[in-house]
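Hello,

Here is the structure we talked about. Please look through it first, then read the notes below.

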Amino acid sequence: MGSHGPIIACFSGLASLLKFRLAATSNADGAKFPEGLKRELMPKHVAIIMDGNRRWAKNRGLPVQLGHKAGEEVMKRIAVKCSELGVKVLTVFAFSTENWVRPQEEVGFLMKLFEQVIQTDFNDFIRHDMQISIIGDKSRLPKSLQSLITTAEESSKSNKGMRLFIALNYSGRYDITQATKKIASKVRDGILSAQDIDEGTFDQHLETSKIDFPNPDLLIRTSGELRLSNFMLWQIAYTELLFVEKLFPEFNEGDLLEALRSFQRRQRRYGGTQVY
Amino acid sequence: MNTLANTLFGNLISFIRRILFCILSVGPIPNHVAFILDGNRRFAKKLNLPEGMGHRVGFQSLISVLRYCFDLGVKYVSVYAFSIDNFKRKPEEVQSIMDLMVEKFNEMVEEESIVYQYSVRVYIIGNLSLLSDNVRLAAEKVMKATSSNNKSNLIICLAYTSTDEIVHATQESCDDKWAKIQSSIDGEMMEGKREGCFVIKVADIERRMYMGVAPDPDILVRTSGETRLSNFLLWQTSNCMLYSPRALWPEIGFLHIAWAFLEFQRTYPYLEKKRKEL
């Protein structure tokens, strides 16, 4: 076993190099666009509810922490794939305002996992020129995590690639409420009158303001649950929802491509007239 | 022979329906079911019906669905009858839908209607100022006539979008707080207390939402296979079960309702647990 170590290391190094070269090729000339997908119909903003990590672990008799770890690996791969396919914004639901009720051990593990992701995995994202932002009520997160977040956001601020939003201690109702409070303060201070409040006002005060594509075109939820679980609510008014049976650690690049194909087949009318 | 076959088939369907009914009645029944009535136009096109007939047929489906829901014990049924976005459609289509609404609102106040059979309180909610006078008057008439009904509730969302509802609720909350501040200035209230008065809480906004008349829905059904909310009940469906059968709205039947309720009953224990945790 010991003598095979270096050989295995060599192979895995070679494999990584090969993967990097392949990725680079499809990035550079863009000709290798997956079959069945049209570049011009790609969703600009994809959102994912990464559900099923705990069930995946339980099914295998593993502690839930390993489920979250497996989910993290998948999230990295999916983020890179979305970036390669030309998705402009990817939002992932990592931790809800409602998740604090989970066992203390699990919450503690998750906070440590997020710190680790920011410290190590974010370098991969930054290498892919991604701009990273954390949305949600950061004030309740551990101070160490908060400062890592600030550093990560600062260091990726001028990147020009895909925008990656990680929703941490976030919920749709929290977002609408914090926007409402900001707007109400402006009314109280005379900056805005109540009559001036319109949907655009809200767009400007939600956590997804100041970006080109704040509203997801496609929302994927894994693990078969048919609900939004208080993820983005205002922003998903016209979003195509896709519910996938697989648990998140089982969701692979093929599933992502299939989801994108399904999205491209849909007809979006926005309440208006359809041309039959 | 044909008539006999038809009768037997009809009896079999009734029998299956009664069995399903009994099975469903054993488990928890959703308190509030919301529907996005999608597919009327596609149905009319499919059957080569004249334009506008799709919505008429759709209305008959609504009556059947209301019966199923109220018979099973559902207390609130909401329907997305007309979105603010739908004003973008051809004027003739918008007009024919409005005419159909007025006709049906007037029928509702008649004694033989489902509204009286099930003692349904009807609410028509949305940005009603966007409607023409005759529609608004017919809506107000049916709301007034049914205001003392108390067995079940039908909420018809007309000229509604969720984002408009949230904006409107925020405006009203601000106006209300501003009025409080003004009166506190007159009454010479202390600075600190005035500050506290103006804090807008979630409960303030929710109270002023058009949908404040009902609890959050337990199930949201959108027919015709489209899986999106189209700006319907965004705030209220944060934890609601979503169901999108392929059937067009006029094709919806008891089996679809039964399936939705069974799925609801399957996930109910998990939801209850979550509700208690929060």
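Start with one term: helices (H or I, at least four residues) and strands (E, at least two) are DSSP runs, numbered from the N terminus. You will also need cavities and pockets. On a 1 Å grid over the protein atoms alone, a cavity is a set of points where a 1.4 Å probe fits but cannot get out. A pocket is an open set with protein on both sides within 12 Å along at least five of seven lines. Lining residues have an atom within 4 Å of a point.

Now the ground rules. This is a predicted model, where local features need pLDDT of at least 70 and side-chain atom pairs count only at pLDDT 80 or more, while totals for chains, interfaces and linings use all residues. Residues are numbered from 1 along each chain as its sequence is written, chains are lettered from A and ligands numbered from 1 in the order in which they are written, and side-chain values use heavy atoms, with hydrogens and water left out.

**The interface**

Chain B puts 48 residues in contact (heavy atoms within 4.5 Å) with 41 residues of chain A. Together the two chains bury about 4,100 Å². Of that area, 57% is on carbon and sulfur atoms. Buried area is the accessible area (1.4 Å probe) that two parts lose on being put together, summed over both.

Three salt bridges cross the interface. The rule asks for a side-chain nitrogen of Lys or Arg within 4 Å of a carboxyl oxygen of Asp or Glu. A:R173 pairs with B:E206 in a salt bridge, and their closest N and O atoms are 3.5 Å apart.

Which parts of chain B touch chain A? α2 (40–46), α7 (162–186), α9 (202–208), β6 (241–243) and α10 (254–277) of chain B each supply at least two residues. The largest share, 10 residues, comes from α7(B). By class, this side of chain B has 17 nonpolar, 13 polar and 18 charged residues. Here Ala, Val, Leu, Ile, Met, Phe, Trp, Tyr, Cys and Pro count as nonpolar, Asp, Glu, Lys and Arg as charged, and the others, Gly among them, as polar.

**The cavities**

There are five cavities of 30 Å³ or more. The largest cavity has 36 lining residues, and B:L37, B:N40, B:H55, B:Y80 and B:A81 lie nearest its centre. α4(B) gives the largest share of this lining, six residues. The lining divides into 18 nonpolar, nine polar and nine charged residues.

The second largest cavity has about 70 Å³. Its lining includes A:L241 from chain A, and B:L220, B:V221 and B:R222 from chain B. β5(B) gives the most to this lining, with three residues. By class, the lining has six nonpolar, two polar and three charged residues.

**The largest pocket**

How much space lies in the largest pocket? About 1,000 Å³. It is lined by 39 residues, and A:D51, A:R54, A:H68, A:N99 and A:R102 lie nearest its centre. Elements giving two or more residues include α3 (64–85) and β4 (163–170) of chain A, together with α10 of chain B. The largest share, six residues, comes from α4(A). The lining splits into 20 nonpolar, seven polar and 12 charged residues.

Best wishes

Terms used:
Grid points are joined across faces, edges and corners, and a volume is the space filled by probe spheres set on the points.
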